[in-house]
Amino acid sequence: MKIESAEVLVSSPGRNFVTLRITTDDGYTGLGDATVNGRELAVASYLEDHVVPLLIGLDAHRIEDTWQYLYRGAYWRRGPITMAAIAAVDTALWDIKAKVAKMPLYQLLGGRSREGLLVYGHASGAELPELFDSIREHQEEGYRAIRVQTGVPGLPSVYGVASSANAQQGGMGVTTRYDHEPARPGERPVEESWDTRAYIRHIPTVFEAVRNEFGPELPLLHDAHHRLTPIEAAKVGKLLEPYDLFWLEDVTPAENQAALRRVREHTTTPLAIGEVFNTIYDYKDLFEEQLIDYVRSPITHAGGITALRRIFDYASVYQIKSGVHGPTDVSPVGLAAAIHLGIAIPNFGIQEYMKHSAATHEVFRTDFAFEDGMLKPGEAVGLGVEYDDEAGAGHAYSPAYLPVARLLDGSMHNW
Ligand code: KDG
Ligand code: MG
């Protein structure tokens with residue numbers, strides 16, 4: 001079964017997505033997600049100009065060999081663009097293999113290990129009353145674990161907090177809240193400000209209020225979004241211990257894996273990291289020294305199903321679990337792949353789930369379901385996602401960027 005063609009489909013139903021569709025000489029098709037938020041055209045070109053020509057004529061069944069061919073063969077290994085391109089090829093080939101086998105993909109990954117994937121949703125509010133409303137809305141929708149992000153006094157806008165502007169952009173007039181859609185349309189990123197001391201003073205008061213209102217049972221998560229130094233991160237972890245977080249995410253920019261040693265020495269708050277990691281090597285010290293509790297890489301940005309399964313197996317040696325990144329910039333194809341992998345692996349932890357807009361679901365027709373706070377794969381063969389060409393073609397690429405962050409004195413900081 002040879003690869004006959006591969007197309008790069010760029011569509012923007014409210015946000016930009018890059019999708020790879022591989023077709024074999026006997027008519028099977030497979031989909032893969034290659035969306036890199038704010039850098040979509042770079043990965044589209046990488047695929048179109050440098051990967052698609054190499055794929056033509058390859059045996060579509062040789063998934064591992066194709067992975068190695070693209071990873072080792074590039075010479076320039078790793079990096080988000082390369083690994084997203086490889087992920088898209090890998091996912092599309094798994095989709096095809098499962099269609100040929102006439103099975104939903106999870107069956108090829110070992111079959112079900114559980115009934116569904118526990119997910120967490122994003123509640124946010126600039127102030128406590130809006131935050132409480134948002135938590136209640138999520139509970140009413142069935143979410144059983146909730147990420148909590150709030151405004152910080154003195155800062156006009158903060159990562160992860162819904163604003164009416166991004167509610168309109170993401171929701172396309174369909175959903176009223178769209179709490180996490182940070183990429184904003186435009187030719188340049190918007191600028192946000194950041195003040196770590198103000199954040200550290202404020203965040204424990206938020207979790208205290210949330211626990212007082214919602215009780216001790218509800219699993220709560222929080223994302224520090226790469227902004228803290230090791231000692232600041234250690235302090236936040238310690239200050240939040242009384243509120244029993246499910247996890248504290250991206251406390252430091254974890255390119256420096258040693259930073260997590262400092263954090264770990266000081267706090268028992270569970271740590272999740274890795275949404276910007278793209279290879280198993282990024283996790284090496286973190287796993288071997290047991291410095292984290294959850295792995296955040298998504299299939300889309302870490303080289304596909306083949307590579308992420310390897311990362312999870314390595315993590316399992318150290319009792320570290322999955323906590324796959326699932327923002328709206330991972331397309332429904334990337335999410336479906338995460339659901340098939342998550343239902344099968346032994347060390348599943350939790351899955352992030354931001355609902356995609358109705359316009360997105362017109363382009364990507366999915367068969368997974370959200371029930372009882374869990375995502376469940378459907379029984380369609382393959383990934384269970386169909387790409388609607390007509391709907392996709394109706395949404396041309398539109399430039400959009402993630403914000404950048406500056407400290408109050410104007411210095412650039414991590415967003
Ligand atoms: O594209 C960047 C977003 O996906 C990222 O900011 C989301 O931190 C994020 C999260 O935890 O979902
Ligand atoms: Mg995050």
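Predicted model: local features only at pLDDT ≥ 70, side-chain atom pairs only at ≥ 80, totals over all residues.
Residues are numbered from 1 along each chain as its sequence is written, chains are lettered from A and ligands numbered from 1 in the order in which they are written, and side-chain values use heavy atoms, with hydrogens and water left out.

Let's start with the holes. How many cavities of 30 Å³ or more are there? The count is 2. A cavity here is a set of points, on a 1 Å grid over the protein atoms alone, where a 1.4 Å probe fits but cannot get out, and lining residues have an atom within 4 Å of a point. Volume is the space filled by probe spheres set on the points, which are joined across faces, edges and corners.

The largest cavity comes to about 60 Å³. Its lining includes Trp 194, Tyr 199, His 222, Asp 223 and Arg 227. Strand 5 (146–150) and strand 8 (220–223) are the elements giving it two or more residues. Helices (H or I, at least four residues) and strands (E, at least two) are DSSP runs, by the way, numbered from the N terminus. By class, that lining has 5 nonpolar, 4 polar and 2 charged residues. Nonpolar means Ala, Val, Leu, Ile, Met, Phe, Trp, Tyr, Cys and Pro, charged means Asp, Glu, Lys and Arg, and the others, Gly among them, are polar.

The second largest cavity is about 30 Å³. Which element gives the most to its lining? That's helix 12, with 3 residues. This lining has 6 nonpolar, 3 polar and no charged residues.

Strand 19 (residues 404–407) pairs with strand 20 in the antiparallel sense over 2 bridges, and Ala 405 has His 413 as its bridge partner in strand 20.

Last, a helix pair. Helix 2 (residues 63–73) packs on helix 3 (residues 80–100) at about 165 degrees, with axes 10 Å apart. Axes are lines fitted to C-alpha atoms, for helices over the stretch in contact, and angles run from 0 to 180 degrees between N-to-C directions. Helix 2 and helix 3 are therefore roughly antiparallel, the word used for angles over 145 degrees.

Definitions and conventions. 1 Å grid on protein atoms, 1.4 Å probe; cavity = no way out; pocket = protein on both sides within 12 Å on 5 of 7 lines; lining within 4 Å. Pairing = 2+ DSSP bridges. Parallel < 35°, antiparallel > 145°, perpendicular 65-115°, else oblique.
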